[in-house]
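Q: I have a model open and want to learn to read it feature by feature. Can we begin with charged side chains?

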Amino acid sequence: MDWSVIYEYRHLLWSGFMVTCKLSVTAILLGTLTGIVISMAATGRLKWLKAPLAAYVQLFRGSPLLIQLFMFYFGLSYIGINIDVFEATALVFTLYSGAYIAEIFRAGIESVPKGQFEAAKALGFSYTLLMFKIILPQTLKIALPPLIGFYITLIKDTSIASVVGYAELLNQGKAIMNIAGKPFEILLSISLVYFIICYPLSLFVTWMERRIYIK
């Protein structure tokens, strides 16, 4: 094994790492915001919204992420809507994660006792105030372990974006392999980087679950 290839092409790996972080952070922030809004709307009083929101959630949860990437990057270009590779991947990962996170928050909202909704209504709370002051703080405690677990999966799934040419970590690794070979050293190094990103999050989930179990 020749590990000098990692040092020689460290700038490409670092560039891929930063691009992976950029996509992961964008997808986590925008996907969480989307998921919270969708879950609030899906559990709210506007019944006409429930069917289209359920269709969105089922569509993005029920179709492969790879096909969604192809549809948004190549499909939109085919019908004359041109977006760059970062916009396409960020949009797909946001919509994909938003669908899953909406279900995580919806389950958390529905686990809060109904009596709290009725008491807040009797006190004159608006639905928005009820959610932000009473329901969402409780929901976050319940949803946090599965939410972090989903974030870990999402970070690892960003490697799929390499198939549309997004210059994330795996894509840069492929470029190095085309130049210098050494696939074992390069792929092992990339796996180690993902492990370093994800393992602390796994420990955090375990810690949160223990705290919730003790309480």
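Q: Which side chains does R106 meet in a salt bridge?
A: A salt bridge here is a side-chain nitrogen of Lys or Arg within 4 Å of a carboxyl oxygen of Asp or Glu. The side chain of R106 pairs with E110 at 2.8 Å, N to O. R106 also pairs with E103, at 3.0 Å. This is a predicted model, where local features need pLDDT of at least 70, side-chain atom pairs count only at pLDDT 80 or more, and totals for chains, interfaces and linings use all residues. Residues are numbered from 1 along each chain as its sequence is written, and side-chain values use heavy atoms, with hydrogens and water left out.

Q: How are R106 and E110 placed in helix 5?
A: Helices (H or I, at least four residues) and strands (E, at least two) are DSSP runs, numbered from the N terminus. R106 and E110 sit four residues apart in helix 5, about one turn. R106 and E103 are also separated by about one helical turn, because they are three residues apart in helix 5.

Q: What is the relative accessible area of R61, R106 and E110?
A: Buried means under 20% relative accessible area, exposed over 50%, and partly exposed in between (1.4 Å probe, protein chains only). R61 is at 34%, R106 at 25% and E110 at 45%. R61 is therefore partly exposed, as is R106, and E110 is too.

Q: What lines the largest pocket?
A: A pocket is found on a 1 Å grid over the protein atoms alone: an open set of points where a 1.4 Å probe fits, with protein on both sides within 12 Å along at least five of seven lines. Lining residues have an atom within 4 Å of a point. The lining includes T43, R45, E110, F117 and Y127. Helix 5 (85-111), helix 6 (114-122) and helix 7 (127-157) each give two or more residues. Helix 6 gives the most, with five.

Q: What does L201 contact beyond its neighbours within four places in sequence?
A: Contact means heavy atoms within 4.5 Å. L201 is found in helix 9. With those neighbours left aside, L201 touches I148, I152 and I155. At 24% relative accessibility, L201 is partly exposed.

Q: What is the phi of K182?
A: Start with the general rule. Most residues other than glycine have a negative phi. K182 is not a glycine, yet has a positive phi of about 55°. K182 sits in the loop between helix 8 (169-180) and helix 9. Its relative accessibility is 32%, so K182 counts as partly exposed.
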